[in-house]
Amino acid sequence: MALRTLNIEPLTKAGFAPFGTVIERDGAEIVMINEGTTTRYHALSDVDVASGGGRPILSIFAGTPRAVPIAISMMERHALGAQAFMPLSDHEWLVVVAPTNADDSAPDFDVLRCFRARGDQGVTYAPNVWHHPLLVLQAEQDFLIIDRAGPDGEDKAANLQEYWLDVPVALIVAA
């Protein structure tokens, strides 16, 4: 594979649909609650974590930026559950995804996609979607994460598959 520079696309519901769900207020069902003092943007995304006896957990990830240009030489996926990432500050960040290759063994690095998410947009990666770990553009950025915890004694590898290449196949020149 030749090293190439990834184009950065804006994150949209339609563009991201093959990989999961964009979490944003736009188009959400609005429900007024708490005696009209609170707007609820209802059911923005499902986060399927029940496979294999999993349960939902909430975590905060504190991301720091990688060296620019960002070299892409690995991807990961979670076979037993979805993962939702929602930024806790209004800073842009990047989302890199890939479809699975024809034999379902690895990401298809030839068709990597990179999306620029606004600070008010999150994503839910569907189960088995290849994605790059968190890519932030600020000195530090916190995210609320909803993902799967397996039953006691479950091997971490049951829900996490990483695929590493010896050399980068793509670069992101984040601006």
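Predicted model: local features only at pLDDT ≥ 70, side-chain atom pairs only at ≥ 80, totals over all residues.
Local features need pLDDT of at least 70 and side-chain atom pairs count only at pLDDT 80 or more, while totals for chains, interfaces and linings use all residues. Residues are numbered from 1 along each chain as its sequence is written, and side-chain values use heavy atoms, with hydrogens and water left out.

**View 1. An open sheet of three strands.** The strands (DSSP runs of E, at least two residues, numbered from the N terminus) follow the order β1-β17-β7 with mixed pairing; two strands pair if DSSP finds at least two bridges between them. Because β1 (4-5) and β7 (70-72) each have a single partner strand, they stand at the edges, and one side of each is left without a neighbour in the sheet. β7 and β17 (residues 170-172) run antiparallel and are joined by three bridges. Ile-72 has Ala-170 of β17 as its bridge partner.

**View 2. Leu-58 on the surface.** Leu-58 belongs to strand β6 (residues 55-63). Its relative accessibility is 59%, so Leu-58 counts as exposed (over 50% relative accessible area, with a 1.4 Å probe and protein chains only).

View 3. A cavity is a set of points, on a 1 Å grid over the protein atoms alone, where a 1.4 Å probe fits but cannot get out. The structure holds one cavity of 30 Å³ or more, and the largest cavity has a volume of about 50 Å³, the space filled by probe spheres set on the points. Its lining residues (an atom within 4 Å of a point) include Phe-85, Tyr-125, His-131 and His-132. Strand β10 (residues 93-98) supplies the largest share of this lining, three residues.

Technical notes: Helix = DSSP H or I, 4+ residues; strand = E, 2+ residues; numbered from the N terminus. Buried < 20%, exposed > 50% of the residue type's maximum accessible area, 1.4 Å probe, protein only. 1 Å grid on protein atoms, 1.4 Å probe; cavity = no way out; pocket = protein on both sides within 12 Å on 5 of 7 lines; lining within 4 Å.
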